[in-house]
Amino acid sequence: MYTDPEKKVSGADVKDDNELESESASDMATDEDQVYSYREQKAIIHRVDRRLVVMCGFLYCFSLIDRGNLGNASIAGMTKALGLDVGFRYSTVVLVFFATYVSFQPLAAVLIRKIGPRYFLSTISLLWGITVMGFGFVNKYKDMVGLRVILGIFESGIYPGIAFLLSTWYTRYDVGKRFSVFYIIGCIANAFGGILAYGFMQMDGLGGKAGWRWIFIMEGLSLIQPLTQPLPLLVSL
């Protein structure tokens, strides 16, 4: 009886789908390469991790600190200075940020693809740092509301921007772990936000400015100063 040799396949040549998936997952970050060995490829990936994921984590940390420093400033005297204890003024200042933060995220996700993460992230981070520093110079409740609206617009692009940036450097099997690492770095560093605010509060009276104003000024400057060397450092390895 004639048998087509192309259809004759031995059991050793047949692999289960789960086995193939496990093999592809194990080689997700490295491939056979004639230039770089497996060890060299792993070293390159770890170098990218140290520069990219860590910097993204600290950038997200600044976002969390700037987003939540109203409470620290309120304790330091901002509420009485701006009359936020009248009616729902303080709640309004908190709320308007999230209105623009949520509304502009879809637009930010589109712009990041058009502009690119290098210039998009560096630009909005610089602008949001300037905005936070501007909080230290407001004298009216309405000015604070306006700046919080602007801050929500700028910060709305941070998370989509970082997510897109990481997805351009890692495979779909690797990017989830990097997301969790940068998020953990941001949350852990954010735990020290209260300590930083307390330190800045001790500058009360310096330059004729209240301690709550120095919280915003110094936290804004701490973000602006590194960005004088643009965020391309974050992606140019």
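The points below go from confidence and overall fold to the core and then to individual side chains.

1. Please keep in mind throughout that this is a predicted model. The mean pLDDT of the protein chain is 78, and 80% of the residues reach at least 70. Two stretches call for caution. Residues 1-28 stay under 50 in pLDDT, and the model gives them 7 contacts beyond four places in sequence. Residues 230-237 are also below 50, with 20 contacts in the model beyond near neighbours in sequence.

2. On the overall fold, the chain is made of 11 helices and 0 strands. Of its 237 residues, 38% count as buried.

3. As general background, nonpolar side chains in soluble globular proteins tend to be buried together.

4. Leaving aside residues up to four places away in sequence, Leu166 touches Leu52, Val53, Cys56, Val175, Arg178, Phe179 and Phe182.

5. Next, α5. This helix has 18 residues and spans 25 Å from its first C-alpha to its last, close to the 26 Å expected at 1.5 Å a residue. Its buried residues are Pro117, Phe120, Leu121, Ser122, Ile124, Ser125, Trp128, Gly129, Thr131 and Val132. Which helices do the buried residues of α5 pack against? Their partners are α2, α4, α6, α7 and α10.

6. The structure holds 5 aromatic pairs, and one of them joins Tyr60 and Tyr159. Their ring centres are 5.8 Å apart and the planes meet at 65°; the cut-off for edge-to-face is over 60 degrees, so this pair is edge-to-face. Tyr60 lies in helix α2 and Tyr159 in helix α7, 99 residues apart, and the pair thus links distant parts of the chain. Are the two tyrosines, Tyr60 and Tyr159, buried or partly exposed? Tyr60 has a relative accessible area of 7% and is therefore buried, while Tyr159, at 36%, counts as partly exposed.

7. A second aromatic pair, Phe97 with Tyr101, is stacked, at 5.4 Å centre to centre with 20° between the planes. These residues are 4 apart in helix α3, so about one helical turn separates them. Phe97 is buried, with a relative accessible area of 0%, and Tyr101 also counts as buried, at 12%. Phe97, Phe98 and Tyr101 together form one aromatic cluster.

8. Finally, a contact between a charge and a ring. The charged end of Arg89 sits over the ring of Tyr141, 4.8 Å from the ring's centre.

Technical notes:
Residues numbered from 1 in each chain as written. Heavy atoms only, no water. Contact = heavy atoms within 4.5 Å. Helix = DSSP H or I, 4+ residues; strand = E, 2+ residues; numbered from the N terminus. Expected span 1.5 Å × (residues − 1). Buried < 20%, exposed > 50% of the residue type's maximum accessible area, 1.4 Å probe, protein only. pLDDT = per-residue confidence, 0-100. Phe/Tyr/Trp six-rings, centres within 6.5 Å; stacked < 30°, edge-to-face > 60°. Lys NZ or Arg CZ within 6 Å of the ring centre and 35° of its normal.
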